Structure formats: C-alpha cells, structure tokens
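Biologist: I have a model open and would like to go through it with you. Can we start with the loops and then move on to the interfaces?

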Amino acid sequence: MDPTTLSMLELASALEARSLSSVEAVRASLDRVERLDGRVKAFLHVDRPGALAQAEASDRRRASGTPAGPLDGVPVGLKDLFLTEGLPTTAGSRILEGFIAPYDATVVKLLKAAGLPLLGKLNMDEFAMGSSTENSGYFPTRNPWNLDLSPGGSSGGSAAAVAARMAFGALGTDTGGSIRQPAALTGIVGLKPTYGRVSRFGVVAFASSLDQVGPMTRTVADCAALLQILAVPDPRDSTSNPEVAPDYRAELEGGVRGMKLGLPREYFELPGMDPEVRAAVEAATSALQKQGASLVPVSLPHTRYALATYYLIAPAEASSNLARYDGVRYGLRAFGAKNLLQMYGQTRDQGFGLEVKRRIMLGTYALSAGYYDAYYLKAQKVRTLIKRDFEEAFASVDAVLSPTSPTAAFRIGEKVSDPLAMYLNDVFTLPCNLAGLPGMSLPCGFTRAGLPIGLQILGRPWDEARVLRIGRAFEREHDFHRRAPTGVGG
Amino acid sequence: MSVSDFQPVIGLEVHGQLLTKSKIFCGCSTEFGAPPNAHTCAVCLGMPGVLPVLNAQVVEFAIRAGRALGCRINPVSIWARKNYFYPDLPKGYQISQYDLPLCEHGGLAIDTDAGPRTVRIRRIHLEEDAGKNVHDPGGGESLVDLNRSGVPLVEIVSEPDLRSSAEAVEYLKALRDILVYLEVNDGNLEEGSFRCDANVSVMRKNATEYGTRVELKNINSFRFVQKAIDYEIDRQVELIESGRKVALETRLYDAVKGETRSMRSKEEAHDYRYFPEPDLPPLRIPPGLVERIEKELPELPRAKLERFEKEYGLSAYDAKILVADRALADFFEQVAKAYGGPAKKLANWFTGELLRLLKEAGTALSALRFGPPQLAALLKMVDAGELSNNAAKDVFAELFHTGREPKDIAQEKGLIQVQDTGAVDAAVDAVLSANPGEVEKYRAGKKQVFGFLVGQVMRAMKGKGNPALVNAALKARLGE
Amino acid sequence: MSLTLDEVRHVANLARLSLSPEEEALMQTQLSAILDAMAELSRLDTAQVEPTSHAAGEVPPWRPDAVQPSFSPEKALGNAPAKVGTSFAVPKILD
C-alpha cells in the first residue's frame, strides 16, 4: 500500500497501530518527490537527512509509548518563507539565495515539538507576491492536474506538493488569498486563520497587517488537526492573540443544520467569473442547504473597492518590509559597486524580480510625501468600511460562502505580463484578509476539462471551528477531495 | 557686526538613551563597550521574519521623564515606521513615534539673565537607536556594529523658546540633571548616551515671522553647544545682512575648525514615508500606571536647590554644588541630620575636602568608605575644640581612605588638642617665666610679641594646645 | 493620472532600486494603470471613518526588562556578504 495516498490523520492512525513507521512515510514521500518533482517543481530544497532523522526520532518516541502529539511522525512541507534554522530560506527570491536561517520560526518550532518531520522548503511567488508561482525567482511550479497550468500562488509549491501527494500536508501563508486560491486551483483544502491566530515570528514578512500562516491539506479534518498545532499564542509576536485556541476537532462532525449561510450578492455578480465555477459553487451551496442550512442573501457593498484597497496597503507595507534586503548583513550583494548607493541599487535590482519591484514602487509611491493621505491613509479607512460590511452581515448569518477564485487554473504565461489581470485572481479572497477574518477553501467540483474548483467559506473572527465544521459537512457528502491529480503519473 | 539687531531663535532636540538592561524590542543587553556585534540577535539585526516586542521598563522610564517635565501622558500613542536606508539601520526603517507621541506639552524652568523662564517642551516620544557606522579612514570601507541598534531612546523636543546659546546650555544642563536624577539616563554627552541637535534661526527684532531654521548636529559637549550655536548665529546674520538667504539644511559642527558645515548629499530632503507600525498595537497605558509613577518621582533638582537654600540657609552657589548629584545631596542631608550643627560648616566640608578627595581618588560617592555618623562625629570634634581645622583635614583624609573612626585616627596621630586648662596654664606660666624680657616688651606696648609667646606655648605643648585656650590663658596672665 | 518619468525615477531612488531605462518605461505604464484603477477610492466619503488599527487586548503585549542570550558574533555574521573582524563591511558612503 502506498502510504502517500493516506491523509495525515489516516497516517497517524497507521503509525499508532504500528502498521507503518514514520521513516517509511518519509521515504515514500521522498520517493514520490524524486519521481514527480522533476516535472512538478514544487520543492526548492529537500532535506532528506533532516526528515529521516526526525522520523527516526518519532518512531523511537512511539516505541517507548511517548508520542509528541496526534500528528507525531507525519511528514509535511514548508513554504520557503518560514525560517528553518540551519536550512536555506529564500522566500522564492534570488536576493536570499544561499541564506541559511539562524533561527526557527515559531511555527517551525511548534511543528518540531509536535514531532512532524519536515521534508523541505516549497516554491512560492517571490516574497509571496503573486497568484501563480510564476514570480518565483527560481522557476514556476506546475499544477499536478495539468503541467501546463499554474497551481496558483503564492503558496503554489505547497499546494502542488500536497495535491501530488509528495507531502501529507504543508504550511502556507495567505496575505490576499495565497493559501486559498492555490488550494482551489489544485483541489485541496487551505485555511487562512483569523489575523493574530498563528504567530508570524520567523515568517518572512510581505504585508504585516495582512499576512497569516495556515495549513494546506487534503481533508478538512487534517486541516483542523494541523491548525491546532499552529494556533498557539506567541509572546514574540505582539499581534498574536494571547488567548488559548479552542479544540478545532471537537465539533467538526456537528453538521450545518440550523446554520445561516450568507451568499454575498456582489461576489456572485462579478463579471469575468467562469460559468463552470459559478455552477459548481452554486451547486455546493444548494447541497449545504439540503443538509439543513438556510441560504441568506447578504450584501457586502464595499467589495468592489477591496482590490484597490489591498493593492495600496499590501505594497506599502511590503515596500517597508523589503527595505532590509540591502546586501549589508545577509543575502545577495552586488559586487563591484563603487559606493554604498550603487551597492544598494544594484543589489536590489539584481536580486528582486519584476513583480516585487513593481509592488515596492507602488507601495513607496503610496506612502510618499504628498500622497500618503490620498492613498495609504484612504485605503486604511476604506478597509474599515469593508470590515464593517462583514460585521453587519455576520449579524444575520454564521458564515459567508463564495467561489474562492473566479476561474479554474490558467496557463503558465497567460497572465503574468498583465498585472491587473493577475490581481483579479484574488477578488474573492482579498476582502477576508482586509477584514482579518478566517477563510477556508475546499474542493467542490471540477470543470469539464477536469480542473478543480474551490468553495470558499468565511467566518466570524476566531470562529475557525465553525468554518471547519461547515467544510466537513460538505466534504462528508462528496468525494471531490478523493480524486487524484491526473497531470502526473501515479 | 549688527548681531544685536537680530534675535536668535533656538529649539533643541535631545535624544537620551534609557538605562534599561535590555533593548527596546528584544532581549539583547544594552551594555556599552562590547566587541562589535556581540549584543545582537535576529531582531536587532533586522533578519527576515523578526518582530518587535516592547520592553515594559522603557514605558515606565519614559512616563517618569514625561511627568517630571510636566508633560501630559497620552493614554494611547502610536508607533510609526520612519523609512530610510543606511547601513546602521538594519530594517531599513526605525520604529519611532510620529503623529501621536507618548508625552506632550510640558516645560522646563531655566535661569536666564532676565530671571527664571519656562522653556516649553513640545513632545517626548520613544524610538529605537541605530547601530554605529565607523568609517575606515584608510580603506574604502565602512564597518557596521549593531550593538547599539535597538537601544531605547527618548526624544525630547523643545519649542523654539530659547534666545541665546547660553540659554541653550542652561536648558541642556537642567534637562540632563533631571534625567540623571530620575535614573533614566546617565547624562553622558561624550559617550553619546545624551545627544543634542539644535535648530537655529535668526529674525530681525521687529520681525513677525521666524527665519529659516538650520539643524545643527554632532554637538557632543556643552562647550561645543555654545560655540556651534554662536557660530551659526553669526553665520546666518552675515548671510542675511549681505542680502543672501539662509538655506533650510542640516549642518555638522566641526570642533576642530570651530565652524558648521553643510552636510551636502546627505541632505536631499528626506521623505521618511511615516506610517503606523503594523507589527505593534498602539501603545496603551494601563490605568493607574501614570499615578503610581508620579507618586514615586524623586524630588527634582530645582526643587531640591530651593529647599537647600531655604532649609539649610545655604548660598545658591553652595546649594548648586551639593544638588548637582542626587547621591551627594542625599548624603549631605544624612550627615546634616547626624551632625545637627551649622549646615554652612558642613557644606564647606563637602564643597572643599570631600569633593576634592573624591576627585583625586577618582571614586564615586557610592564607594565611600565611611558613613554619615563618622563625618558628623569628626565635625563635632572640631566644634568641641578637640581638633584644629588643619588637624581635622588630616583626620578626614585618613577617614576617607580607611573608613576608621575619626576619634581613633585622631588619637593615633596624636592630633587631639589639649583641652585641659590646667595644662595650658602650666605651659603658659612656664613660658612667661622663661621669657621675662618679652613679657616686659609686651607690657610696654609691643603687642606683636604676643604672637611669639603663643608660638612658644605651642612649642612647649608640642602643637597640641587648643589655640583658643592658649590665647585666653596668655591674655589672662598678661593682665588683660 | 499618469506618472511622469521623473516621478518614477524619484520613487525608484527612494526605494533604492536601480532600474534600467526599459524597466523605468515599463513601470511608468504599469504603475499609472494601477494607480488609475485606485482612483475610485477617492469617490468614497471617509471623513468620519477611522483607519483600521489593531484590536485592544486586556494585557499589553510587553516583556519584562531582562537580558536574553544574544547571538554570538560569529552567528550574527554567519550570512554576511563581507566582514572585517566581527563587523559588517560595506562600501563607503559617497560623501
């Protein structure tokens, strides 16, 4: 039996039953990486010796009856913007080529303490800026459902690795949709927690007020189990929620009877949405209604301003966060510069890709003298209006449903030279980041061409348990999540 | 030079390092003098992925300073990023405060020629210090040490209420004294833990608008403050009088040449692109904190000065010396209490012998080997006539170096004056009988002989005669 | 509104990006288009709206004033492109 067909929790049961060892699981994952990743190109760095050592330690713990937790021994991958001590961390950028992290991110520490072997670092759009992983400074990752297509982004490597069963689960980050959108395009589950639920310490920052870390898995239950490990207050992150997280699996099978699920008019009216996507999502909402939920039309009137709001706030914060990449203390330094100014300019010109430069320019402009009020400050005020829209909606519904992405996976190369077209990929996912809410995508259908479609569930702040429960209710009655990608051989 | 037609207008910005053990946003030590980059971590190195966490003591110290300077403490203030590129600024931005600082609208009283005046303080805010960039004079490189990166600073900004370089120096000294009293800063200009920038402009005396102001940097002693400001005033007046304009710029003070120089290329107008720091929530002061800190504020230098003058009847001059150091002032009061005698006498011992000995030995007051009871005892011995002033100085020196009891020292050195009137009388009698000729001369009107006779008695008593007693006895015997 | 090339160069300088002439032209076109798309925000009345800021917690997220272990200088300089002793070395600032 090929262990890689198991979900995380199924593997955990097998480990507990001793029908499998963690070392076998890691080996199976790494074998699959060897066979498939030459084509999928999800990994930037594979840590074979580290993962095996961690697996051995896990097996020893299990043998002595002291497992570190429910997922002890289950191998996962990490988007390459989590600092992993002693391993390379590039954030998908050439400016950090060769950078060896001197410390572990808090979430990495948590995974290690829970006993999960770390397989390696996964490809991404450079500094998390992108929706297709085409902006990686190294190479684009391919969609396991069709290798000519993008897996989405920026956590494209994480999504592809999980979808292609090269890792049992993975960690991604989501600033404007970067977990949910690739999850939708690759047919897996991806959750962005409430802002502040998971520590950002040791996560290369893109947009500080929007970034969140989240799990990417093949099942909703796996997602809940992985989230549980991550959702721990962190005194090293001043924006981290100091309160202990609830048990995300306690009510997971509770169903949706009696729940009110909102359908935001503005989302479903968006021009440019693929009719197959609309049909699949509408069918999904009907299915949930048949399970006992009521569907309630709601309005989020400021939705149309979310794109502009996001594309002023995120690049502004990013332009500041990326100033540290200056060639002085780590990373790339352009040599042959005659003076400091040249060194800065050449280092950053050589090290950053075009999309990153574009956003740095946009963000710098939005903050610059004379423009701060009209751009950045204005956007932060509109953000408040977007938040209020959700607060009002949540007075009458328990969750909001929508498509995750307006289209299914698109061709690599199709949108990359048209930034505005690329930005439209995130119209459904952005508002949730602006409002700081939890959001999850899970598979809800396929296009005629066999490409996955994702359903997005948004919840009240700190209400991840309900979001997971709704997702599980849907998942229980369907088998979209069981289909294996057809783009790569078994 | 018609400088007198012009009114200088000066505002001062002081950056003071707060005396916390660890940095403002990470746990690295703030201790001075370590090898380069020995006190750094991922956070203060500006590594990818790091986040700031505020040191609670920084807030406490800043509120202390704010209340001592009469400021309003804002219950909510905002952290901001100040963005610019420099090798000693690892994140490429400094976490500071901009739109809404922690403290506002305070004041500091200084003494001017026209009497005391309050210089208004516009704001006090918190920020992190940058590292150090050392230009390698020989090579084409600069060396960056980030030990100082992340040390907490308060920035204290005055309104442009100062009208001369002398006033500026007064303000700085008074401000430094307060911060040192509060134990939030060590007041060291030379080492850079107390830094000052001056904003200087001039206006014609009947003008209604301020002139263009120039920022002066790199002033690291009180003497230079005076010189730099005076130079700059003269420079600006000369420019204006020759029909030229004062440029809005930053200038460096060159201590060697005694002049200010434009900073040229560094001064493209900086666009710092301030925005609220997303990694830190607004600084919210918990209820009760300000009140508690206020209660615990020590008596401040100016108040102590006035009280010393009043309570101890000291001159302003003496009081100022005693009050300059809070520990010295405290020690004075402890000795005064134990002594119970005239404060002026005690003050003389402080301003004279004690300070001199401290300076010579290079020790701090905290390392003093003796305590208030002993100094009090010494003074009482002098009052009781047991020691002459000179002998007491001797004893004091020994007390200072060994901490032994003054009585023991005096006895050992044989310095205790003979108080016994019988012994004095006997000695006087002996000298008078041995010098009948001098007695005659004295009785005949040659009063200078008295001194000779006193000397003889002292010699006979081996210098231990109490001079007052000797004088009295001689006079009595000689019939006056 | 469109960005002028001068504005593009000014912003690039603020961001310490040495753009090639081709990149400058590309930025000018693309940034202008993006900024035009943002213009719709100005239509919203936000005079009475506060900018989004962090939620207030009960306990301030502060830490006590205690010294924690630092990196060794070797670790601090572990990724340094150039160093002299335990200092980072950078090209001289043009002065």
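Biologist: Where does Arg273(B) lie?
Modeller: This is a predicted model, to begin with. Arg273(B) lies in the loop between strand 14 (259–262) and strand 15 of chain B.

Biologist: What is phi of Arg273(B) near?
Modeller: Phi is near 50° there, a positive value in a residue other than glycine.

Biologist: And Glu183(B), what is its phi near?
Modeller: For Glu183(B), phi is near 60°, again positive in a residue other than glycine. Glu183(B) sits in the loop between helix 2 (165–181) and strand 11 (194–204) of chain B.

Biologist: Let's go to chain A. Which residues does a cis peptide bond join?
Modeller: Gly153(A) and Ser154(A), with omega at about 10°. Ser154(A) is in the loop between strand 3 (118–122) and helix 5 (156–163) of chain A.

Biologist: I also see helix 13 in chain A. How many residues does it have, and how far does it reach?
Modeller: Helix 13 of chain A covers residues 373–393, which is 21 residues. From its first C-alpha to its last it reaches 29 Å, close to the 30 Å expected at 1.5 Å a residue.

Biologist: Where does helix 13 of chain A bend?
Modeller: At Ala379(A), by about 30°.

Biologist: Now the interfaces. How many residues of chain B are in contact with chain A?
Modeller: 30 residues of chain B, and they touch 37 residues of chain A. The two chains bury about 2,600 Å² between them, with 61% of that on carbon and sulfur atoms.

Biologist: Which strands of chain B each supply at least two residues of the side that touches chain A?
Modeller: Strand 4 (79–83) and strand 15 (275–276) of chain B. By class, the side of chain B that touches chain A has 21 nonpolar, 4 polar and 5 charged residues.

Biologist: On to chain C. What area is buried between chain C and chain A?
Modeller: About 4,700 Å², and carbon and sulfur atoms give 68% of it. Leu41(C), Thr52(C) and Asn79(C) supply 14% of the area that chain C buries against chain A, more than any other three residues. The contact takes 47 residues from chain C and 58 residues from chain A.

Biologist: And how many salt bridges are counted between chain C and chain A?
Modeller: The count is 2 salt bridges. Lys75(C) and Glu85(A) meet through their side chains in a salt bridge, 3.3 Å from N to O.

Biologist: What about polar contacts, how many residue pairs across the interface of chain C and chain A?
Modeller: The rule finds 16 residue pairs in polar contact, both residues at pLDDT 80 or more.

Biologist: Which element of chain C gives the most to the side that touches chain A?
Modeller: Helix 2 of chain C, with 10 residues. That side of chain C divides into 32 nonpolar, 7 polar and 8 charged residues.

Note on methods: Residues are numbered from 1 along each chain as its sequence is written. Chains are lettered from A and ligands numbered from 1 in the order in which they are written. This is a predicted model: local features need pLDDT of at least 70, side-chain atom pairs count only at pLDDT 80 or more; totals for chains, interfaces and linings use all residues. Side-chain values use heavy atoms; hydrogens and water are left out. Contact means heavy atoms within 4.5 Å. Buried area is the accessible area (1.4 Å probe) that two parts lose on being put together, summed over both. A salt bridge is a side-chain nitrogen of Lys or Arg within 4 Å of a carboxyl oxygen of Asp or Glu. A polar contact is a pair of N or O atoms within 3.5 Å; within protein, one must be able to donate a hydrogen and the other to accept it, and residues adjacent in sequence count only if both atoms are side-chain atoms. Helices (H or I, at least four residues) and strands (E, at least two) are DSSP runs, numbered from the N terminus. Ala, Val, Leu, Ile, Met, Phe, Trp, Tyr, Cys and Pro count as nonpolar, Asp, Glu, Lys and Arg as charged, and the others, Gly among them, as polar. The expected span of a helix is 1.5 Å times one less than its number of residues. The bend at a residue is the angle between axes fitted to the seven residues ending there and the seven starting there.
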